[in-house]
Amino acid sequence: MAARRRRSSPRRRRRQAAARHAGTDLTLMSGAQLFIREDVGLTDAQVEVLTGSMNVFMLVSIVGAGWVADRLGRRCVLVIATSFLMAGALAMSLGNSYGTLMAARFVTGIGAGFARVVAPVYNTEISPPSTRGVLSSLLNIFINLGVLLSYVSNYAFSGLPVHLGWRLMYGVGVVPPVFIAAGILLMPESPRWLAMRGRHADAHAVLVRISDTPTEAGLRLAEIKQAASQKPPEQHATGGSAWKELLLRPSASLQRIILCVLALQFFVPASGVEAILLYSPLVFKAAGMTSTAAALAVTIAIGAVKMCFILLGVLLTDRLGRRPLLLASTAGVAATTAALALTLAVGGASAVAQAVCVAAVLAVVAAYSVGYALVVNTYSAEILPLRLRAQGLGAGVAVNRLVSGLVTMTFISVADAITMPGCFFLYAAVTAVAFAFVYARLPETKGRSLEDMDVLFDK
C-alpha cells in the first residue's frame, strides 16, 4: 500500500493545484493594490471594492458548484475551475480601467468558487478515515503555498515600473492552470460520486487503488453503496431534493450538522485574519512603517509562518483530532488579535512599535494557520452525509465568502470609523465567541467513517 500511495501522490498534488492558484490570485491583491491604485488612478473606495469583490463574485459559482459537481463529477468541475482561473489571471494582467479589472475579478471569482467547494469534497471522499485529516489538509497546504508565492511575486516585481510590476504579478499566473487542467484529467474520479451514479465497478476500481487491501476496498464500497442508496439516483441528479432536505425538512441530527457547518464557515472570515492578510501593508504603515518595499518584504515572512504552522497542523490533525486544534486555534487568534489591536492603539510609530506590530501579526497568522484555517473545511466536508455533501459544503462556503467579502470590502471604511485598533478588538471578540461555540457544540470526528457521522450527531 505504501508504494500505491507514493505513486498516487502526484495526483494528490494536482488536485490541490487549482485551489493553490485561487489562493495565489486572492492574496496577490495585498501587494498589487498598492501599485494598481497609482497606475490606474483608483480611489480608496474602488481599491476596497476591487480587493474584496472576488469573495462576493465567488458566490455565483459557489451556489451552483454542488449541483454541477453532482451532475458532471468532481474532476470535471476542477477542470472548469482552472479554465476560469487562467482566463481571469490573463484579463487581470491586461486590465487598464476599474471596469475591466472588476470584470477580470469576476471571471477569477467563478473559478475560485468552484475550486473552493469541489476540492474539499473530492479530498474528503477519496481519503481513508485513518489519514483523512492529513490528505484533506493538502488543500490548505497548496492554498498557502499559493499565498506564499503571491507574496514573493509582489516583492520580486515591486521594483519594476508601476505600470509593469503589478501586471507581471498576475501575468505569471496564466501558465500554471494549463498544466493543472491536464494533470486533473489523469486523476481518478471520486469513488463516492461514482457509487452515487450507480457506477459501482468503477468505484471499486478506485477504492482498490487507495485502500490497503482488496477486502478493505470491498467493505468501504459496501458502506458507500448503503449511504448512496438513502436517496434515489434521480434525486441525486437533479440536486433539488438535496436543497429541500437541507433547508426545509432536515432531521434532528442533520440540523446539528448544518448548524456546525454554517457557524464554522461564518466564524473563519469573521475573525478578520483575511483582512490582515490582504491589507497587511496598510497595517504596517499604520504602525509607522513608511517603506512599501519593507512592508512587502514582511508579507513574505507572513506567508512563510503561515506555511510552517499549516504543516504543523497537518501533523497534528489525525493525532490530536479536529476539536483540540480548533479550540487551541480560536483561543490563540482571539488573544493575538487583541494584542495586535493593543499594539496599534498604544505603540506609536517607533521602530520598537513596528517590530512589535510585525510580531503580533505573525502570531495571529500562526494561531490561525495551525487549526482554524486548516480544520474547518475538512470538518465541514466530513460531517455532511454523502447525498448532501456537495450542496451542503457549497452553502457553507457561500456563507464563508459572503462574510469574507463584507469584511474585506469594508475594512478600510470600518477602520476609518472606529480606528484600526477598534477593528481588531472587534475581530478578537468574534473569535472568542467562536471558541465558545467549538467548545459547546463540536464533537470529535477523528478516525470515524464518513458514513458514520449521522450516528455521532444523533448523540
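The model is predicted, so to speak of local features a pLDDT of at least 70 is needed, side-chain atom pairs count only at pLDDT 80 or more, and totals for chains, interfaces and linings use all residues. Residues are numbered from 1 along each chain as its sequence is written, and side-chain values use heavy atoms, with hydrogens and water left out.

**Exercise 1. Find how many helices and strands the protein has, and what share of its residues is buried.**

Step 1: Helices (H or I, at least four residues) and strands (E, at least two) are DSSP runs, numbered from the N terminus. The protein has 20 helices and 0 strands.

Step 2: Buried means under 20% relative accessible area, exposed over 50%, and partly exposed in between (1.4 Å probe, protein chains only). Of the 459 residues, 58% are buried.

**Exercise 2. Work out whether helix 2 and helix 3 are parallel or oblique to each other.**

Step 1: Axes are lines fitted to C-alpha atoms, for helices over the stretch in contact, and angles run from 0 to 180 degrees between N-to-C directions. The axes of helix 2 (residues 44-72) and helix 3 (residues 74-94) cross at roughly 125° and come within 6 Å.

Step 2: Angles under 35 degrees count as roughly parallel, over 145 as roughly antiparallel, 65 to 115 as roughly perpendicular and the rest as oblique. The two helices are therefore oblique.

Step 3: Contact means heavy atoms within 4.5 Å. On the helix 2 side we find Val68, Ala69, Asp70 and Leu72, which meet Arg74, Cys76, Val77 and Ile80 of helix 3.

**Exercise 3. Compare the span of helix 17 with the expected one, and locate its kink.**

Step 1: The expected span is 1.5 Å times one less than the number of residues. Helix 17 (residues 351-383) has 33 residues and reaches 47 Å from first to last C-alpha, close to the expected 48 Å.

Step 2: The bend at a residue is the angle between axes fitted to the seven residues ending there and the seven starting there. A kink of about 55° is centred on Ser369.

Step 3: Because 26 of its 33 residues are buried, helix 17 is largely enclosed by the rest of the structure.

**Exercise 4. Decide whether Val361 is buried or exposed, and name its contacts.**

Step 1: Val361 lies in helix 17. Its relative accessibility is 1%, so Val361 counts as buried.

Step 2: Setting aside neighbours within four places in sequence, Val361 contacts Ile276, Val283, Phe284, Ile302 and Leu340. Leu340 is 21 residues away in sequence, yet the C-alpha atoms of Val361 and Leu340 are 6.6 Å apart.
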